[in-house]
Amino acid sequence: MRKPKKNSEGQTRRDFIKNAAIASSFMIVPRHVLGGVGFISPSDQLNLAAIGAGGKGASDIRNASVNGRERVTALCDVDFSGSAKASVERFPDAKLYADFRKMLDTEKDIDAVTISTPDHVHGPAAKYAMERGKHVYVQKPMTHNIKEARMLTEMARSQKVVTQMGNQGGSNELLKLVQKWVDDDKIGKISKVEVWTNRPVWPQGGAFPKPNPSAKPDALNWDLWLGPSPEIPYTPGLHPFSWRGWWNYGTGALGDVGCHLIDIPFRTLGLHYPTDAECSVGSVYSGMWTPDYHPDGCPASSFISLNFAATPKSKSPINMTWMDGGIKPAHPDIIPADQEIGGGANGVLIIGEKGIIATNINDSSPLMPKLYLNDGTQEFGPQTEENIEPEYGHQRKWVDACKAGFGSKEHKGLTSSFDYAGPMTETVLMGNLAIRSYMLRRENSKGQMEFYGRKKLLWDGDKLLITNFEEANQFVGRTYREGWEM
């Protein structure tokens, strides 16, 4: 493992950045006199790099640069011919790489990286960066599987690096209103949470697309795109976006918006690892009587049930249900029939003995928090949001915390550092573990195919172990291609 580079006095560049603000308070001549109005000393800038510079990666590194306040020194992407071109144009001085491993080993002065790749590369990239002492901002879900999430959570502490997961809605100020309603016991003892989404909005639930090596874009490094996943010929329909529906690369509807939607009850109710999980999935019939079977991909729709032990905030056990594929919960009587529940296509209901809290998704949509009490009282938060800075300042706050250092008040004030995001991601991905177990099948003694994993799975979160069905534990982690091991 490489340690941060030190100067002749044994001081790391990160220490220098951290101490610059302290030292500047003793300068007799104001900095703006030396460098002009708005001048930022190079020693006060963070050296940033992006792993994944297109799509969401373009906005992540743009927001992390804080309008040029910080220095972007390198960009990594497996295909600079697509949306990553915008990042190249925005940061013309940044060096370009296809392999994040080469970038991190070459550019010694990188302080922090944003990681905005497909889900299957989140874990390997974050691990490689943190081993080299880099602060990391990782898009949601934090990792591709539960084992990776636990590993990165523990590594962030041991490496003393500042981390943030890219569920920007965690920094939405309106969540404080939902938290206040819970803390003030407005809806009484809470026992039920319902969460739903219209995802998937990409191809999902069908057969894996056929490979076609002749169709590979010249600019795409397919081997690096595959990363830790098994080597296969170039297959259209995966890069740049539709990988989400295939287990080797994506995490389905849960991975896409679960870290936004489940974040709301997980955060406000102080939840921890679930105690069990069970599910059912929608079937697709291309022919009569026999449903299609595609275990390598996520289903077109699913219903997940997770149970949680009581917490100081919930005061009672919680049952949480997740519905995707456009399935929604029934309209509660307490909410007027002409009012949409949650945000319509996506939403959360937190159900207590005295009423209901309803919200939209918290990502970049209006959260629209609403309180409905059994006595007819209604209280609504703002139905529109005036965002002073992009994505609620989620990336900027991470950058400020990187500068302040591990354990600083800025670091402790982050809403999705891995100490929080790790357990929450594990909870989200527990739903996928249940789905994959549900799809296990084998031939029985009568020559018939039977699904033998369709049961409630009991989970020991501390030990990362399904205790009542050993075969489900294969989905806690994954196997890795040589050279990409975690």
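Helices α3, α6 (119-131), α9 (222-226) and α10 (252-261) each contribute at least two residues to the lining of the largest pocket. The model is predicted. Other topics below are an open sheet of 10 strands, the mostly covered helix α3, and two cis peptide bonds, from Arg199 to Pro200 and from His239 to Pro240.

**Largest pocket**
- The volume of the largest pocket is about 770 Å³.
- Its lining has 39 residues, and the closest to the pocket centre are Gly54, Ser116, Thr117, Pro118 and Pro240.
- By class, the lining residues are 15 nonpolar, 14 polar and 10 charged.

**Sheet**
- The strand order in the open sheet is β14-β13-β12-β11-β7-β10-β9-β8-β17-β18, and the pairing is mixed.
- Strands β14 (378-380) and β18 (465-466) form the edges, each pairing on one side only.
- Strands β11 (residues 347-352) and β12 (residues 355-359) run antiparallel and are joined by 4 bridges; Ile351 has Ile356 in β12 as its bridge partner.
- In general, strands of a sheet pair through backbone hydrogen bonds, in either parallel or antiparallel fashion.
- Helix α8 (residues 175-183) lies across β7 (190-196), β11, β12, β13 (370-373) and β14, at about 165 degrees to β12.

**Helix α3**
- Val66, which follows α3, has a positive phi near 50 degrees.
- Asn67 lies in the loop between α3 and β2 and has a positive phi of about 55 degrees, although it is not a glycine.
- Asn67 counts as exposed because its relative accessibility is 82%, and the cut-off for exposed is over 50%.

**Other backbone features**
- Most residues other than glycine have a negative phi, and most peptide bonds are trans.
- The peptide bond from Arg199 to Pro200 is cis, with omega near 10 degrees; Pro200 is in the loop between β7 and α9.
- The peptide bond from His239 to Pro240 is also cis, with omega near 10 degrees; Pro240 is in the loop between α9 and α10.
- Pro240 is also among the residues closest to the centre of the largest pocket.
- Leu464, in the loop between β17 (457-460) and β18, is not a glycine but has a positive phi of about 55 degrees.

Technical notes. Residues are numbered from 1 along each chain as its sequence is written. This is a predicted model: local features need pLDDT of at least 70, side-chain atom pairs count only at pLDDT 80 or more; totals for chains, interfaces and linings use all residues. Side-chain values use heavy atoms; hydrogens and water are left out. Two strands pair if DSSP finds at least two bridges between them. Contact means heavy atoms within 4.5 Å. Axes are lines fitted to C-alpha atoms, for helices over the stretch in contact, and angles run from 0 to 180 degrees between N-to-C directions. Buried means under 20% relative accessible area, exposed over 50%, partly exposed in between (1.4 Å probe, protein chains only). On a 1 Å grid over the protein atoms alone, a cavity is a set of points where a 1.4 Å probe fits but cannot get out, and a pocket is an open set with protein on both sides within 12 Å along at least five of seven lines; lining residues have an atom within 4 Å of a point. Grid points are joined across faces, edges and corners, and a volume is the space filled by probe spheres set on the points. Ala, Val, Leu, Ile, Met, Phe, Trp, Tyr, Cys and Pro count as nonpolar, Asp, Glu, Lys and Arg as charged, and the others, Gly among them, as polar.
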